[in-house]
Amino acid sequence: MESSSVQGDGAPPRLSATADDGRTRHRVSALLLEHGPQTATELAGRLGVSPTAVRRHLDALVGTGRVEERAGGPGGGATRRGRGRPARLYHLTDAGRSAFPHAYDDLALTALRFVAAQCGPEAVRAVAEQQLSALERRCSTAVEAAPDAPVDRAQALAGALTAEGYAASASAISSGGQLCQHHCPVAHVAAEFPQLCEAETAVIGRLVGTHVQRLATIAHGDGICTTHIPGPVRRPRKAPRPPHPSRVRGEPLDGVLSHTGAGNRTVPARPVPGERAAHRLQTGTRTASSTTSTTRPTQPALNDRERTHDQHPAAGDQHSADAGRADRAARPLPVRLG
């Protein structure tokens, strides 16, 4: 049965020993599926090989978990032949049966189509949530032992999902983390019923402890189911307030800002009464000089300071004050131009 890959010059290559063994073991599994538990001698007779060769293939199938060996007896499918130990029977396991074609996806699609037609899409969502609740319970044990950070919990969740057959991995990125599932057991069904993907996304969010976002799914034609896990929000630092314009120019802050927004201008102080009198005198003199050059300038009225001094002179200066006032009345006041 085992042979070299090349038989001779010009001869076509034969199957390798590994490929030939695989075909023989598949035939052994098919005979066990079709005829039930059998002994090595019975299998050898149906295959046309020696019992020793069959036992070598059976040992390999037992090692992979596709076949198990049991003692024969009543109801076991074989009888005791003479004295000695009963014959050993080989049974096909569930893992061995799963290697053959099955219609589980078709059955699931038929059931969900019936549920959607009879009860609506929300009923399909309820079925998906119920189906994933058991997965959530199994994975929660591993996730609860991880640190509280969502990215760390995603790492633990990836290991738990891998044990469930999702071939998952988690990685950290600048904005948080990503959970990647390289296999989806229900991809064929989820392509028609996205409620399965939505329910699975909700389970991932509850397990990692934050809101997550699905970026890609195998059911929609992507190669990997990718889930984004946001990291902690980083608040931007506030920019320092710019210095006051007067600080930049080196001006004092004592002035009152103008209500027109023209800058740090100070409101000018009101003129004193003497300045107002001088201003009126200057205006009257200009008007009089423009009409006639021979007219004597009008004597201005006494300003407030002088009037106050005249009303309350000191007792010893009464006579000198009156003389000074008469002299000032006789002389015209000098005019200050411009």
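## A pocket and its helices

The second largest pocket is lined by Asp105, Ala108, Ala111, Leu112, Val127, Ala128, Gln131, Pro185, Val186, Val189 and Leu196. Here a pocket is an open set of points on a 1 Å grid over the protein atoms alone, where a 1.4 Å probe fits, with protein on both sides within 12 Å along at least five of seven lines; lining residues have an atom within 4 Å of a point. This is a predicted model, in which local features need pLDDT of at least 70 and side-chain atom pairs count only at pLDDT 80 or more, while totals for chains, interfaces and linings use all residues. Residues are numbered from 1 along each chain as its sequence is written, and side-chain values use heavy atoms, leaving out hydrogens and water.

The volume of this second largest pocket is about 240 Å³, taken as the space filled by probe spheres set on the points, which are joined across faces, edges and corners. Its lining has nine nonpolar, one polar and one charged residues; Ala, Val, Leu, Ile, Met, Phe, Trp, Tyr, Cys and Pro count as nonpolar, Asp, Glu, Lys and Arg as charged, and the others, Gly among them, as polar. Helix α5 gives the largest share, four residues.

Now to the helix pairs (helices are DSSP runs of H or I, at least four residues, numbered from the N terminus). Axes are lines fitted to C-alpha atoms over the stretch in contact, with angles from 0 to 180 degrees between N-to-C directions.

| Helix pair | Axes come within | Crossing angle |
|---|---|---|
| α5 (residues 104-119) and α6 (residues 121-144) | 7 Å | roughly 135° |
| α7 (residues 150-163) and α9 (residues 195-208) | 9 Å | roughly 120° |

In their contact (heavy atoms within 4.5 Å), Leu112, Val115, Ala116 and Cys119 of α5 meet Ala123, Val124 and Val127 of α6. These residues comprise seven nonpolar, no polar and no charged.

What about charge pairs? Nine salt bridges are counted, each a side-chain nitrogen of Lys or Arg within 4 Å of a carboxyl oxygen of Asp or Glu. One joins Asp21 and Arg56 (3.8 Å, N to O).

Notes: Helix = DSSP H or I, 4+ residues; strand = E, 2+ residues; numbered from the N terminus.
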